[in-house]
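Please read it alongside the sequence and the coordinates.

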Amino acid sequence: MYGQKENISLPSGLANQLKHLYGPDARIVAQAPVGGGDINEAYHLVLQDGRDLFLKVHANVAADFFTAEASGLAALRQAGLPVPEVLGCGRNYLLLSYVKSARKSRDYWQQLGYALAKLHHSDPTAFTCGHRFGFMQDNYAGSTRQHNRPSDSWIDFFRTQRLQPFLKLCWSYFSSDEKHLAEQLLAHLEDRLIEPDFPSLLHGDLWCGNVMTGPAGEPIFIDPSVSVGFREVDIAKTELFGGFTGEFYDAYQEACPLDPGYPERRDLYNLYPLLNHLHLFGNAYHHAVTRILRRYA
C-alpha cells in the first residue's frame, strides 16, 4: 500500500530538487518502501503528474557517500552500460529514475554477458588521472570507504588500495599465525597475480542482487562500486555468491575471452569482498577469509 506524502520524512533539499526538475507544482503524492538493501532506506515515489521516481535515503553517511555512487553510475552510463538515470543528489539522498521491472527476456543472460564485455572493453582513461588503474575519487564498497589512488601497476593497486586497507580493518579477527599469512600474501602478490593486457572500467560489486530487470526484460546494472582495474575482479565476484547462468559466461567469453589461469586467481580476487563482509558482518566470514589466506600465502 502506498502511504500519503506526510508519512515520509523528506531529506533536506529534496522538495526544492523536485521543483527544480519538474516545475513549481511538483510534489510527492504517494510513496512505498522498497526492500532489498542493507544500508539505505529506499522508496518508490509517485509525483502529482504520475511520474515514478526512486529515492535512496540515509541520515548518517559520509558527505560524499551518495555523490560517489552518482559518479559511479555516471561512469557506467558513459561507457554504455544500462543503469538508472541520476536525477538528483543531496547530502543524505540519491534520486534516480524508477525502473519498472518485467519478466526477464529470453536472451537476458546473453545480454548481460555482452553488456559486461562492452563495459570492460570501453576506454577508461578519463577516470584515472593519467594512470592505468584507480579512479578519480574514492568511493564505497557497501558502507566501507574504498580507496582508489591511481597507479600504473595493477598488482600494486590491488595490494595497496584493496587488500592492505581491508586487512587492516579486519586485523583484530586474526590470530598471530593468520596475520603472518596476510603479510606473506602481500609480500608475494606478484607471484599470484598478473598484469592485465588492458585496464577495464569495473562495476566493482557485481553480484546478482546488483542487476535487475528492466521494462523490456533487459538487464539493468545498479549499486556500483566502480574503479578501473582488471576485469577478472568483476567475473570473480559473479562467482562468489552465484546466481549467474552458463549463458552469461558463454556470452562474455565470446566477446571478451578471459586470460589463461583465471580460475587460479579467482578466489584471491574474492578475498577483497570477503574481507569487507568480515568487517561489516563479523566472524561468520572469518573461515572463508582465512581459507584464502592459507591457500595463497
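Helix 1 (residues 14-22) lies across strand 1, strand 2, strand 3, strand 4 and strand 5 (93-97), and runs at about 30 degrees to strand 5. Here helices (H or I, at least four residues) and strands (E, at least two) are DSSP runs numbered from the N terminus, contact means heavy atoms within 4.5 Å, and axes are lines fitted to C-alpha atoms, for helices over the stretch in contact, with angles from 0 to 180 degrees between N-to-C directions. The model is predicted, so local features need pLDDT of at least 70 and side-chain atom pairs count only at pLDDT 80 or more, whereas totals for chains, interfaces and linings use all residues. Residues are numbered from 1 along each chain as its sequence is written, and side-chain values use heavy atoms, with hydrogens and water left out.

- An open sheet of 5 strands has the order 1-2-3-5-4 with antiparallel pairing, where two strands pair if DSSP finds at least two bridges between them.
- Strand 1 (28-33) and strand 4 (86-90) are the edge strands, each of them pairing on one side only.
- On average, and with direction ignored, neighbouring strands of this sheet are turned by 20 degrees against each other.
- Strand 2 (residues 41-47) and strand 3 (residues 52-57) run antiparallel and are joined by 6 bridges; Leu 45 has Leu 53 in strand 3 as its bridge partner.

**Helix 9 and Thr 290**

- The buried residues of helix 9 are His 286, Val 289, Thr 290, Ile 292, Leu 293 and Tyr 296, where buried means under 20% relative accessible area, exposed over 50% and partly exposed in between (1.4 Å probe, protein chains only).
- Seen down the axis of helix 9, these buried residues fall within an arc of 155 degrees, so they line one face of the helix; the arc is that of the directions from the helix axis to the C-beta atoms.
- The buried residues of helix 9 pack against helix 5 (176-187) and helix 8 (262-281).
- Thr 290, which lies in helix 9 (residues 286-296), has a relative accessible area of 2%, and, leaving aside its neighbours within four places in sequence, is in contact with Phe 174 and Glu 178.
- A polar atom of the Thr 290 side chain lies 3.2 Å from the backbone oxygen of His 287.
- Thr 290 and His 188 are 102 residues apart along the chain, and their C-alpha atoms are separated by 17 Å.

**Ser 200 in strand 8**

- Ser 200 lies in strand 8 (residues 200-202) and is buried, with a relative accessible area of 0%.
- Not counting residues up to four places away in sequence, Ser 200 touches His 120, Ser 227, Val 228, Gly 229 and Arg 231.
- The backbone oxygen of His 120 lies 2.8 Å from a polar atom of the Ser 200 side chain.

**Positive phi in two loops**

- Most residues other than glycine have a negative phi.
- Cys 129 is not a glycine, yet has a positive phi of about 55 degrees; Cys 129 lies in the loop between helix 3 (108-121) and strand 6 (139-141) and counts as exposed at 54% relative accessibility.
- Asp 223, also a residue other than glycine, has a positive phi near 50 degrees; Asp 223 is found in the loop between strand 10 (219-221) and strand 11 (227-229) and is partly exposed, with a relative accessible area of 30%.

Key:
Polar contact = N/O pair within 3.5 Å; in protein donor to acceptor, adjacent residues only side chain to side chain.
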